[in-house]
Amino acid sequence: MAQLSAENRVEHWRQTRRLMIIHLTIWFIFSYVVHWFAVPLNNISFFGWPLGYYMAAQGSLIVFVVQLFMFNRQQHAIDTRFGVAEDQN
Amino acid sequence: MGMQFEGKSFIDNLPKIYGVYTGGFLAFFALMAVLERFGLGADTIGILFIAFTIGIYAFIGILSRTMAVEAYYVAGRSVPPVFNGMATAADWMSGASFVAMAGGIFIAGHGYMAFIVGWTGGYILVATLMAPYLRKFGCYTVPDFIGTRYGGKFTRFCAILVLVVASFTYVTAQITATGTIAARALLIPFEVGVWFGLAGILVCSMLGGMRAVTWTQVAQYIVLIVAYLIPIFWMSGVQGFGWFPQFQYGPAVERIMELEPLLGVGTAALEPQRGLSVLTTLHATPREGAMAAWQFVTLVACMMIGTASLPHILMRYFTTPTVRDARNSVAWSLFFIFLLYFSAPALATFSKLQLLDPTLPTAIIGQPIEQVLALDWVTRWSAIGLLAVIDQNGDGILQINEFFLNPDIIVLATPEFAGLPYVISGLVAAGGMAAAMSTADGLLLAMANALSHDLYYKIIDPKAETKKRLLTARVLLLVIGAAGALVASLKLTGILGAVAWAFCFAMSGLFFPLVLGVWWKRANRQGAVAGMLGGLIVGWWYLLAVRNPDAWYGIAQPWLGLNDLRFGIVGIVASLVAMVVVTLLTPAPDAEIQRMVDEVRIPSGQTIIGSMK
């Protein structure tokens, strides 16, 4: 088991939780909020696509993919900072 | 000659092995294309494609047979993230995604794209809330996590129950899909096709369990993505839409929106045809109003939360070497899934534009009816009842509401609009088969593993020796597969309905017990049991109630437009309330469990189950 003081354990989890909340907020916006306003968004043209349609067909998906790779880097950085990444012991 | 399926040299060689495999598959495709030129018949090409690909899967399945527990249940925890990503993508994308997605968008427009958003965004939940923690736990199955985290045999049993209900609903749909494709490609009756499909599925999983399924799923992913993308690139290139259509189809969408009012899209057919639809929904314009938006987002929510609760997906992340790899492999899974899903709307758009736009040579709407009836592909699909062109107003011209089709044929038929050779159809059939088989394999394995590991070994006979456990697992695989094929041959529900129900069952019963097991230390056994049973029972009751409004279930109208595809919303609310209330009314879990949760939350160190031995 990793040598981790009680405060560090709490702090590691606090930062992990904060990262989770940030990413789920972005996720919520691109999963629900954007599509709720699909009708008005469709009046905007995005390289030929109506924007509301584009977000459902491609936009949200691209955000999800990029977001997940970023999340991994950030979570790994948190783990490394607290010395609990797997290659550290 | 025995082959190593673990260890450094095997892992290092993986890119080479699958590179050669992909090259081999492309060479086979080229060979078929050449032979078609020399007069090889369409039927023979279809049979060769199915036989060749299933032959390869069977070969991998047999090579990777094993009698070791760790290899059988979690592929020796040695699958690198990128390959696990491909395997998960194949596990994930079912026959419905492959065959029905583009056709659904073609016919139902914007509303149908809730599936695309839902079936990708769910992976954010998987990565942030679940996969890394379940991997750290070191369990073999999803009920294994529930049973160990909350304790108690009955808790474990409840998890097995939800898993079986959700997965069995799903697997019948997949076996139906393999049966349909096998029947069409091999020219055999559907009832026989179902059993043939099952045999193909079992040969991949029986001997090697998770290890065999992993390496066949990677192979199946390659076949299905090649089979989906080649026709799109080819068709788009030939038709002059550009060679990378996914990034260029904006103007095509605009053009369709311009043509729709001119062609009168939205007028119902004069005489509807059974089982076929005419195009009445606008392509890119969402329905107006809060109800439409609500239905879109609730369907998205069900598909996403269902994704994060489906055991056959979660268990794929038990197979990576580390916690960090589990997390990375979720991102790769999403990337590989994205490649197919962001192509589906492009395919639907080009497919529609080709038929609608009078300036294109492929247009049929607005053309003289005899000319359309003489087209090769119209004759062929009409003959098997999946398409109908009827001049219902008798003006000799084909109107938009006189063109009937079964939307499932869009993926297969679109290359034919563009006049591509039959070899493409053979390729697409092989891809659809790969998609359906790989998902069915994952589901059957999830069920058989839960029953053999959790029910038989952990609950009934904890002293059972390894050989007996693995034998039980295989017998169960056979029995569940046969039961699935039997139900599939009865043709009870449509493919899509069954798939959506599986998601709703999984989210109703499993989502909160899994998430709160990691994120809420206070969550206890009584709460988890209440969450699983409460969610499952309420969800099930609501499904029955909205499906049978005249029966005794007590609901005349669906609540807030939540129909049978969205019953998970009701189930999951019940599950959350039951779990929180019951947990707070009963004592907190003991110090041992609390320490276990602390350990789950950090990546390093031994797995929880490993440290308990």
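Predicted model: local features only at pLDDT ≥ 70, side-chain atom pairs only at ≥ 80, totals over all residues.
User: What makes a crossing of two helices left-handed or right-handed?

Analyst: A crossing is left-handed if the near helix is turned anticlockwise from the far one by less than a right angle, and right-handed if clockwise. Residues are numbered from 1 along each chain as its sequence is written, with chains lettered from A and ligands numbered from 1 in the order in which they are written. The crossing of H1(A) and H12(B) is right-handed.

User: Why is H1(A) called roughly antiparallel to H12(B)?

Analyst: Helix H1 (residues 6–36) of chain A packs against H12(B) at an angle of about 170°, the axes being 9 Å apart. Angles over 145 degrees count as roughly antiparallel, so H1(A) is roughly antiparallel to H12(B).

User: Which residues of H1(A) and H12(B) meet?

Analyst: A:Ser31, A:Tyr32, A:His35 and A:Trp36 of H1(A) meet B:Ala293, B:Phe296, B:Val297, B:Val300 and B:Met304 of H12(B), contact requiring C-beta atoms, placed from the backbone, within 7 Å.

User: How do you know that the length of H12(B) agrees with its residue count?

Analyst: The expected span is 1.5 Å times one less than the number of residues. For the 18 residues of H12(B) this gives 26 Å, and the end C-alpha atoms are 26 Å apart, so the two agree.

User: What makes H12(B) mostly covered?

Analyst: A residue is buried if 20 or more other C-beta atoms lie within 10 Å of its own. In H12(B), 13 of the 18 residues are buried.

Technical notes. Axes fitted to C-alpha atoms, helices over the stretch in contact; angles between N-to-C directions. Helix = DSSP H or I, 4+ residues; strand = E, 2+ residues; numbered from the N terminus. Parallel < 35°, antiparallel > 145°, perpendicular 65-115°, else oblique. Contact = placed C-beta atoms within 7 Å. Buried ≥ 20, exposed ≤ 12 C-beta atoms within 10 Å, placed from the backbone.
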